[in-house]
Amino acid sequence: MKRKCIFITMMPLYLIFLSLLLTGTAAADSHSGFIGAETCQECHEEQYASYAKSIHSRKAIKGPASQDACEACHGPGAMHVEKGGGRDVDIFSFDSDASASDKSSKCLECHQKTHDFDVWDMGKHARNEVSCDDCHDMHNNASQKPSQPEVCFDCHRGVRFDVSKRSHHPILEGKVSCSSCHSPHGSISRSMVKTDDPQELCYSCHADKRGPYIYEHPPVEENCMACHLPHGSRHAKLMAQKVPNICQDCHHWSRHPATPYDGESGFTGSGSSNRFFGRSCLNCHGAIHGGNTFENHALTR
Amino acid sequence: MKKRFSFCMIASLLIFPSGFAFAEEDVGLRGSVELGGWFNDSEDQSAKFLEYQDPQSGVISHFLLDGYRDAFFFGAEAKNAGRDDQFYKIKGGLYNSFKFSAFYDEIIHNLSFGNRTFYSGAGAGSLIVGPPNPNTPSTWRSFDYTIEKEQYGTDLEFFTGSPFFLQLDVDRVEKDGLKPLGTGSFSGAVELPEPVDYTTDNVMLAGGYRSREMSFKLSGIYSTFSNENDFLEWENPFFPAMDHNSLPQDNDYGKLDARFAWRQLPMMSAWTVRASYANLTNDFSANDFGATIPAGLNTTEFEGDVKTTKFATALTSQPLADLDTKIFFDYYDRENDSTVILYTDGGNDTHLFDYTKYRLGFDAIYKLTSNNKLSGGYTFEDVDRRNRPDASENMDNLFFVKIKNTSLDFMTAEAGYSILFRETDENFDLTGLTPNDAEFIRQFIQRYDTTSKTRNELKFAFEFYPLSKLDLGVEYTYANNDYDDVILGRTDDTGHELYVDFMWRVASFLHLSGFAGYENYESDSNHYNHQAGFAGQTANPTVGDGAPASFLWSQFNEEDFWTVGLAADLPLMRDRLLLSFSGQYQESDGSSDFTTNGGNLLESIEDFEDYSITSLESKATYAVTESLDVTLGYLYGKSNYDDLQYQGYEYDPGGSLLSWAYADYDYEAHVGYFTVKYSF
């Protein structure tokens, strides 16, 4: 245990030391062939107008306006002008011909040092050719922030269908956004969730479920998604399957857990059963996430 | 409290910008104020309509402000002010120096309306039977299951322009309301209104260093959860006694987290290392519950103590110009040091669950040509569990391959395949057990979340661009889990998903978008009906015990879901009049079939969570002037729900006493609204 503590203490110091050894210095930029934003504006009036209203045009902050304006992102324009302009003629365009990494690297020149970009390089988006401009509109008068969840749905089609099902988190209602749970700018967690593991993520909102419990329900402690579908489900409470079936797929104990509940088990059937009608198993087993009474391991108290 | 808070927030929105003199050059200010009315003809019809919105008719108002002066910036936002789903936010700061925000957010969760109970004291920690009489449900009290969540807090970040940074986030979450709690005894089930009165306080402090080449971050989280009601006392309606149910207990959670990342390493590599340690604790006493202390208990005090240690590292590189690789390793350990509860008869002993999991793997993406990419990878995962003998260890081997082609101007195509092999070890102690003991059955149960299986998944995705202003997407996924060695439990499940969507700018006055989807899901499972040790029945499903009451049966569930949605924007008069229409229809159809070795046939279930939902919205926005918009809108919603478990609903069926929880899914509702928006 003591060794473990020493290891935990020393590891950060070691990594800082290592990082200092690995840190290099940035090369000085050459500064030739720049023509200034006024020249760009002469031909690209509409784009300039939107740029002028965006945060990127603000001279008081570090950004394109405090550097080379349009050319901070599109590169020096002298040759482009000399050749009479035209798409991709000696200028960097954020169009489909440019590679995602080239486009993103333009943004990362400034934004690499900002929040959330620590592991951009190893996130699924960067590695699957998603570039910054796929989600952000840099020439937008209003905001450069993408409108969630619509932007995400463009690629994540299945999620669009899940969130509209009868049981869902309030995503379409605007109270939970995709980035409430996921880190679109990179993560090494599965599905790019914000936390180290999905359990921690769920408990960040559902703190009442985190325990510890006297009587645990092991799948709850290991993976919420063993029973729930976080984006949406046709079953109540985001359940992956209907109760009692999802319970009976695991619980085959003697007596009622292994009893078949069929078409006659409803309120009006010949074999009506309180293990089936209404909320079924949950009619009695209310402490399904874990129980804290001292004498009841069946999670009914 | 809510009104006072709303007032303070609104006042701060108005006061905040007044401190600025806008005569300077690099100054900007814009925003909008929107006021209107909202009329719902179905306020109490069904909780499912507007599940997360305030359903009450009334005034709606929104406010937005964004401004800056040189490097200072500020903003304020208010949505649905004064309603149960209101939201406020203020933000500000000095670019490259610091920024802050404060917010207040309310989320209403309407669970079920029109519920009834014979208890008095709903919402408190003690429920007393009647009056009214439990035997006359028509006289029971009416109430709604609704939970209101209020969240407010502030985020601060310092030194935003320097390599160093410091963040402080503080927030409080309060939940208040009622939700259904199922409980009971062998006498019958009782559905109680469980009081929800939770408070969670969260503090997060983080600091670190960032540059283009590297970054590190050290953070700490402390979170406390408290519940005003540690238990729910309720008078048993079946015989005169007070019963007690445990409710979520107060708990404390703390976490330390360190993250390091290096970039621009040789071969364009990036490397990250992450480690964290978390501790979750609580403590309570059996004496707190007010219930009779059970006999044979080793202790009346419980101290919960769960520690989790996590470590993860990943390295991405480009060893060749066309090759992108990643290797990774994750470690997760859950150590449960909570109090072990023991009984002299052993019946209710606790078996604390904990586990260690590690995962390692690699993947590679290779550009075959400039327009063709091939990727593949492998992941190994091992989970070692204590006190879960049905799955003491499982080992996963996952392989995947994917190819993407972008060579055609009018189409991109992607295909992927993955296969997972899971091997699970069991570790049962069956010493001394015979087939007449209930526990003998354990060796035959394999649970779908952990048991051995082979999973195949196939996916195709296409994007078409047949016209310059038309994008069309198609995606199909097939997934099958074959639980190879299952005797009792789920044996197989298969899913098909097909999605299509499009976006088409038909003309300057007509923009169309739409989607359609179909999902099919099937599952099979095997079960064994028995009562071990009773009338010759045994807990061994592999042999015929000769008892007519014990028999094998199996179930086949099928679910079909489809949906279609269409939206149209018609800017009839440019910058003046915009008409918008959208609609979605979804339908779900399920069924369940049985086969049995028993003496009586089992009836199929046809109404197996069947439902249809129609939602329509139309909206007209007219710009009276450049800064004044008027919007008129209409919403229509209709839902039909049919499920055998809720058909012919009774409050007191066969000795149970229910409350109509989640039985109010049907609705047909109309909402009209108008707003006037002034922008500046």
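Predicted model: local features only at pLDDT ≥ 70, side-chain atom pairs only at ≥ 80, totals over all residues.
Student: What is the area buried between chain B and chain A?

Tutor: Buried area is the accessible area (1.4 Å probe) that two parts lose on being put together, summed over both. Here the value is about 12700 Å², and carbon and sulfur atoms give 52% of it. On the side of chain B, the residues that lose the most area to chain A are Tyr52(B), Arg210(B) and Gln645(B), together 6% of what that side buries.

Student: How many salt bridges cross the interface of chain B and chain A?

Tutor: A salt bridge is a side-chain nitrogen of Lys or Arg within 4 Å of a carboxyl oxygen of Asp or Glu. The rule finds 25 across this interface. One of the pairs in the model is Arg274(B) with Asp196(A), at 3.3 Å from N to O. Both residues also belong to a network of salt bridges, whose members include Asp197(A), Glu200(A), Lys255(B) and Lys310(B). Over all chains, the count comes to 51 salt bridges.

Student: Which elements hold Arg157(A) and Glu463(B)?

Tutor: Start with the pair itself: Arg157(A) forms a salt bridge with Glu463(B), and the closest N and O atoms are 2.9 Å apart. Helices (H or I, at least four residues) and strands (E, at least two) are DSSP runs, numbered from the N terminus. Arg157(A) lies in helix H10 (residues 157-163) of chain A and Glu463(B) in strand S22 (residues 453-467) of chain B, so the pair joins two chains.

Student: Is each of the two, Arg157(A) and Glu463(B), buried or partly exposed?

Tutor: Buried means under 20% relative accessible area, exposed over 50%, and partly exposed in between (1.4 Å probe, protein chains only). Arg157(A) has 3% relative accessibility and counts as buried. Glu463(B), with a relative accessible area of 24%, is partly exposed.

Student: Which parts of the chain are linked by Arg386(B) and Asp354(B)?

Tutor: Their side chains meet in a salt bridge of 2.9 Å, N to O. The pair links distant parts of the chain, with Arg386(B) in strand S19 (residues 372-386) and Asp354(B) in strand S18 (residues 354-369) of chain B, 32 residues apart. Arg386(B) is partly exposed at 31% relative accessible area, whereas Asp354(B) is buried at 10%.

Student: Which residues touch the most other members of the largest nonpolar core?

Tutor: A nonpolar core is a set of buried Ala, Val, Leu, Ile, Met, Phe, Trp, Tyr and Cys residues joined through side-chain atoms within 4.5 Å. The largest one has 31 residues, and those touching the most other members are Trp38(B), Phe49(B), Tyr145(B), Tyr646(B), Tyr649(B) and Tyr662(B). Among the elements of chain B that give two or more residues to this core are strand S8 (141-158), strand S10 (188-210) and strand S30 (667-679). The largest share, four residues, comes from S30(B). Apart from this core lies another, of 13 residues, including Tyr119(B) and Leu232(B).

Student: What is Tyr662(B) in contact with, beyond its neighbours within four places in sequence?

Tutor: Its partners include Lys237(A) and Arg279(A) in chain A, and Leu111(B), Pro180(B) and Tyr646(B) in chain B.

Student: How many helices and strands does chain A have?

Tutor: Chain A has 14 helices and zero strands. Of its 301 residues, 48% are buried. Among its contacts between residues at least 6 apart in sequence, 44% join residues at least 24 apart.

Student: Where is Gln446(B) found?

Tutor: Gln446(B) is in the loop between strand S21 (411-425) and S22 of chain B. Its relative accessibility is 6%, and Gln446(B) counts as buried. A polar atom of its side chain lies 2.7 Å from the backbone nitrogen of Ile487(B). Beyond its neighbours within four places in sequence, the contacts of Gln446(B) include Asp249(A), Glu426(B) and Gly489(B).

Key. Residues numbered from 1 in each chain as written. Chains lettered and ligands numbered in written order. Heavy atoms only, no water. Contact = heavy atoms within 4.5 Å. Polar contact = N/O pair within 3.5 Å; in protein donor to acceptor, adjacent residues only side chain to side chain.
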